Amino acid sequence: MKKALIFDLDRVLFNTDFLKRIDKGYKKGEPFCLKIVKRINWTEIEPQDLVYKDVYPKLNGWLKKGNKIYLFSQGDIRGQRYKLKASGLNKFFSSKNSYIFSPPKAKKLKNIFQKIPPDLEIWYFDDKLENLKTAKSINGTIKTVLVWRNKKKDEKNHLENILFKPDLIITSFREINKL
Ligand SMILES: [Mg+2]
């Protein structure tokens with residue numbers, strides 16, 4: 001069965017922590033917006049530094065098998081679009097298959113699921129357990145994949161949600177072979 005793969009952007013595809021290290025003016029909790037774009041020295045950054053190494057090979061492979069991919073992100077909309085452009089991820093995610101909302105995006109999950117062809121099995125990748133939990137409560141048949149790029153730190157941050165068990169927990173897309 002062909003799949004619809006839905007990806008969160010930050011810390012799933014996009015290396016948010018790398019960008020924060022480059023941004024000398026970063027203050028904790030500051031949302032990424034055009035003001036920040038202007039203060040970053042982009043000449044120090046190669047597009048591939050902004051994307052985890054497993055992302056491009058896996059996206060290409062999954063597309064080759066006939067799966068569909070979607071982006072489902074939240075934040076400052078122009079800021080998020082800038083991340084897609086700066087990282088080259090916009091080659092995979094155009095305005096047709098990317099959905100970016102002001103937080104909280106989980107409110108829009110129902111709308112996103114309605115846009116997906118019904119013959120596709122949905123897999124949803126996010127680093128936030130609460131989003132996966134909401135997704136599963138809307139549609140019990142979807143596969144939820146928790147992406148913990150930095151497992152130790154993430155585990156600590158998510159302890160309060162431990163009652164929900166996602167279908168899979170991974171630290172890299174390389175751990176998934178059957179898609
Ligand atoms: Mg994220």
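This tour moves through a predicted model, from the whole chain to single residues.

**The whole chain**

Begin with the entire protein in a cartoon view. It contains seven helices and six strands. Followed from the N terminus, the elements run β-α-α-α-β-α-β-α-β-α-β-α-β. Along the principal axes, the C-alpha trace spans about 45 × 35 × 30 Å. For 179 residues, a compact globule would have a radius of gyration near 16 Å, and the 16 Å of this protein agrees with that. Buried residues make up 29% of the 179 residues. Among contacts with a separation of 6 or more, 66% are between residues 24 or more positions apart.

**The sheet**

Next, select the six strands. They form an open sheet in the order β3-β2-β1-β4-β5-β6, with parallel pairing. At the edges stand β3 (98-101) and β6 (168-170); each has a single partner strand, so one side of each is left without a neighbour in the sheet. On average, neighbouring strands of this sheet are turned by 20° against each other, direction ignored. Strands of a sheet pair through backbone hydrogen bonds, either parallel or antiparallel.

**Strand β1 and its two partners**

Now select residues 3-7, which form strand β1. How many bridges join β1 to β4? There are five, and the two strands run parallel. To follow this pairing, display Lys 3, which stands opposite Glu 121 in β4, and then Phe 7, which stands opposite Phe 125 in β4. Four bridges join β1 to β2 (residues 68-74), again in parallel. In that pairing, Ala 4 stands opposite Lys 68 of β2.

Is β1 largely enclosed or open? Four of its five residues are buried, so the strand is largely enclosed by the rest of the structure.

**The nonpolar core**

Show the side chains of Ile 6, Phe 7, Leu 13, Tyr 124 and Phe 125. These touch the most other members of the largest nonpolar core, which has 34 residues. At least two residues of this core come from each of β1, α3 (55-64), β2, β4, α6 and β5.

Centre the view on Ile 6. Beyond residues up to four places away in sequence, Ile 6 touches Tyr 70, Phe 72, Ile 112, Ile 122, Trp 123, Tyr 124 and Phe 125.

Leaving aside neighbours within four places in sequence, Trp 123 is in contact with Lys 3, Leu 5, Ile 6, Lys 143 and Val 145. For a sense of scale, draw a distance from Trp 123 to Cys 33: their C-alpha atoms are separated by 29 Å, and the two residues are 90 apart along the chain.

**Helix α6**

Select residues 129-138, helix α6. This helix lies across β4 and β5, running at about 180° to β5. Which residues of α6 are buried? They are Leu 129, Asn 131, Leu 132 and Ala 135. Viewed down the axis of α6, these buried residues fall within an arc of 160°, so they line one face of the helix. Their cover includes α5 (109-115), β4 and β5 (143-147). Ser 137 and Ile 138, on the other side of α6, are exposed.

Move to Gln 74 in strand β2. Gln 74 is buried, with 22 other C-beta atoms within 10 Å. Not counting residues up to four places away in sequence, Gln 74 touches Phe 101, Ser 102, Pro 103, Pro 104 and Lys 105. Zoom in on two of these contacts: the peptide bond from Pro 103 to Pro 104 is cis, with omega near 0°. Pro 104 lies in the loop between β3 and α5.

**Arg 11**

Finish at Arg 11, in the loop between β1 and α1 (16-22). Phi of Arg 11 is near 70°, a positive value in a residue other than glycine. Most residues other than glycine have a negative phi, and most peptide bonds are trans. Arg 11 is partly exposed, with 18 other C-beta atoms within 10 Å.

Methods. Residues are numbered from 1 along each chain as its sequence is written. This is a predicted model: local features need pLDDT of at least 70, side-chain atom pairs count only at pLDDT 80 or more; totals for chains, interfaces and linings use all residues. Two residues are in contact if their C-beta atoms, placed from the backbone, lie within 7 Å. A residue is buried if 20 or more other C-beta atoms lie within 10 Å of its own, exposed if 12 or fewer, and partly exposed in between; C-beta atoms are placed from the backbone. The arc is that of the directions from the helix axis to the C-beta atoms. Two strands pair if DSSP finds at least two bridges between them. Axes are lines fitted to C-alpha atoms, for helices over the stretch in contact, and angles run from 0 to 180 degrees between N-to-C directions. A nonpolar core is a set of buried Ala, Val, Leu, Ile, Met, Phe, Trp, Tyr and Cys residues joined through C-beta atoms within 7 Å. The radius of gyration is taken over C-alpha atoms; the globule rule is 2.2 Å times the number of residues to the power 0.38.
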